[in-house]
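Open the model in your viewer and keep the selection tool at hand. The tour goes from one selection to the next and says what is there.

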Amino acid sequence: MIQIKNLRVELEDFLLQGINLHVAEEEYFVVLGPTGAGKTVLLESIAGLYPVKSGEIWLRGREVTQLEPERRNISIVYQDHALFPHLTVKENIVFGLRLRKQIGQEIDKSLNWLAELLGIAHLLDRKPDTLSGGERQKVALARALSIKPQVLLLDEPLSALDPETREGVQQELRQVHDRLKITTIHVTHDFEEAIALADHIAVLGEGCVKQVGTPEQIFRQPNSEFVARFAMARNIFTGEVADRDDGSAIFRTDGIELAVASELRGKWHASVRPEDILISHQPLHSSARNSFCGIINHVMDKGSTLYLTVNLPPDFTCLVTRRSFEEMGLAKNQRVYITFKASAIHIF
Amino acid sequence: MSKKWFTTNKMTLTFILLGLIIFLFIIVPLVKMVVTSDPQILLETLLDPEVRGAIWLTLYAALLATIVGFTLGIPLAYLLAHTDFTGKKLVEGLIDVPIVVPHTAAGIALLFVFGRNFFVGKVFHFIGIDFVDATAGIVIAMLFVSIPFLIDSAKEGFKKVDVRLEKVSRTLGASPWQTFFRISFPLAWRSILAGSIMMWARGISEFGAVIILAYHPMIAPTLIFERFETYGLDYSRPVAVLLIILCLAVFIGLRTIVYRGEKA
């Protein structure tokens, strides 16, 4: 579908080079990298909005490296949505269709279809500055989808949203993709977002592609310290959220059950931040509902803090300060209890 | 009252006083001239064909200058706002030069280029346009001294347009031309309009550069000068009053339109 061969893009203070990527037809592809890694520039190069120094971009077997953006049929949704402020929602959405000289009936048909797909029919006569973040996001998505693009580019589409809106929009992105089967490239700095959405992830950092693989491969087998830093920060598990008899929710994975607080049900990922896990020699009697016994099988010394890997199984990474590590006399191969609250688990 | 309030207050009082002096300096001469004029004489002056002709020519020539400035200046303003090139600062600086040179000097400079001794003047003469003592001369004199206002204002307007809006427009299938006319221009429109009004107003008030190139046909400022020189204060005053009233009316009217649009 899209092939990027040995791409080199020069920015003001650094460069992207040796970028090789292959995105398959209908795939949801996530480019993951820290802020300032050149993710937006990579997207703009694909769209033809940023000059490419060398290398090639192929789209469905045709080289498009030098093709003007208006002839690529690749649309983009920016982080701040970039809606045309002087046009209404409706005029924003049909902007591309009007340029294609479609007849009024066809335009109306596409407009109604998109408005229904994204649930924005009631907003059509409003101006962008009267919309909430989530609404703007949907309008920007509708505008991008209106031209039936070959590829949809999403530049940090969730970062500008508040946490509650984000979860909904994230699901909507995946649903829209699954329904329309549009090849999507989504860039983000959020590891969990990448895991939740991607068929494949490319990790971008230090001006090049560090690793490409499925979400599982990226967080189970990081090939470099750079990639590991993204993955290591969290305990991430794949599993299923189900109802318990008492109405609360549990997450089942690798033979253990975690009490969670989430409205989601079905196959999801769960993550716990290492600093949210308490370590003790005896079981803790507290309100925290998750408490397990395990063996410390690895200690990583970071100076004032230490990362301990506790094997139940599975492995949990926990963060302790040097002071508590020494006071508790923790050591490798010791049997300890780990405890964390249901609300400390993030389901995504 | 705290001491702090008192010191801030003293400063505010001083500033109000100083501000008031300069405000009165602007307003008093204008108001005095208008209110002490005899309405009867004003009406007679307005009925004078020479006066009406001069005022009409002033408005018309300034409008032509603004239209020419608009057509040639907007593209340059866009380039200055959106592209980087070596020597850009120099170009920006040179564009503002007409504001700082004495306008009579500007008129002489224009005369050298557009007079019939230089090839530019010759080329225009060949296609039937002469500048010396002709309306075209008035127009280029006004254009020269007032174009910086339009270019600077339009440039600021274009700078405020988010580049990504233009990028999105391109991905949706718009050519660079379509993107300019549907996105950049409408979004910068208010600044462009404000700049155009400033340019027109500045054109109307021009005198120095115009008299060097075209003393005749007479624009209103030239007529005022002529009557002052020939007949004295009393005879030149009604024309001046009429021009001031007219300029104020036009200026206030246009500004109201611009600002009302901004609120909506």
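How many Å separate the centres of domain 1 of chain A and domain 2 of chain A, taken over C-alpha atoms? The centres are 35 Å apart.

Before going on, note that this is a predicted model, in which local features need pLDDT of at least 70 and side-chain atom pairs count only at pLDDT 80 or more, while totals for chains, interfaces and linings use all residues. Residues are numbered from 1 along each chain as its sequence is written, chains are lettered from A and ligands numbered from 1 in the order in which they are written, and side-chain values use heavy atoms, with hydrogens and water left out.

**Stop 1: the two domains of chain A**

Select residues 2–229 of chain A for domain 1, then 233–347 for domain 2; these bounds come from an automatic or database domain assignment. Domain 1 of chain A puts 10 residues into the contact and domain 2 of chain A puts in 11, where contact means heavy atoms within 4.5 Å. Together the two domains bury about 860 Å², with 50% of it on carbon and sulfur atoms. Buried area is the accessible area (1.4 Å probe) that two parts lose on being put together, summed over both.

Now look for charged pairs. Between domain 1 and domain 2 of chain A there are zero salt bridges (a side-chain nitrogen of Lys or Arg within 4 Å of a carboxyl oxygen of Asp or Glu). One residue pair, both at pLDDT 80 or more, is in polar contact between these domains. A polar contact is a pair of N or O atoms within 3.5 Å; within protein, one must be able to donate a hydrogen and the other to accept it, and residues adjacent in sequence count only if both atoms are side-chain atoms.

On the side of domain 1 of chain A that touches domain 2, select α6 (163–180), α7 (191–197) and α8 (215–220), the elements that give two or more residues. Of these, α7(A) gives the most, with four residues. Helices (H or I, at least four residues) and strands (E, at least two) are DSSP runs, numbered from the N terminus.

**Stop 2: T184 of chain A**

Select T184(A), in strand β8 (residues 183–188) of chain A. Is T184(A) buried or exposed? T184(A) counts as buried because its relative accessibility is 2%; buried means under 20% relative accessible area, exposed over 50%, partly exposed in between (1.4 Å probe, protein chains only). A polar atom of the T184(A) side chain lies 2.8 Å from the backbone oxygen of I182(A). Leaving aside neighbours within four places in sequence, the contacts of T184(A) include Y28(A), F29(A) and H177(A).

**Stop 3: chain B against chain A**

Show both chains. The contact takes 22 residues from chain A and 18 residues from chain B. About 1900 Å² is buried between the chains, and carbon and sulfur atoms give 67% of that. Select R164(B), T171(B) and L172(B): they supply 36% of the area that chain B buries against chain A, more than any other three residues.

Three salt bridges are counted between the chains. Zoom in on E70(A) and R170(B), which form a salt bridge with the closest N and O atoms 2.6 Å apart. On the chain B side, α9 (163–171) and α10 (176–204) each supply at least two residues, and the largest share, seven residues, comes from α9(B).
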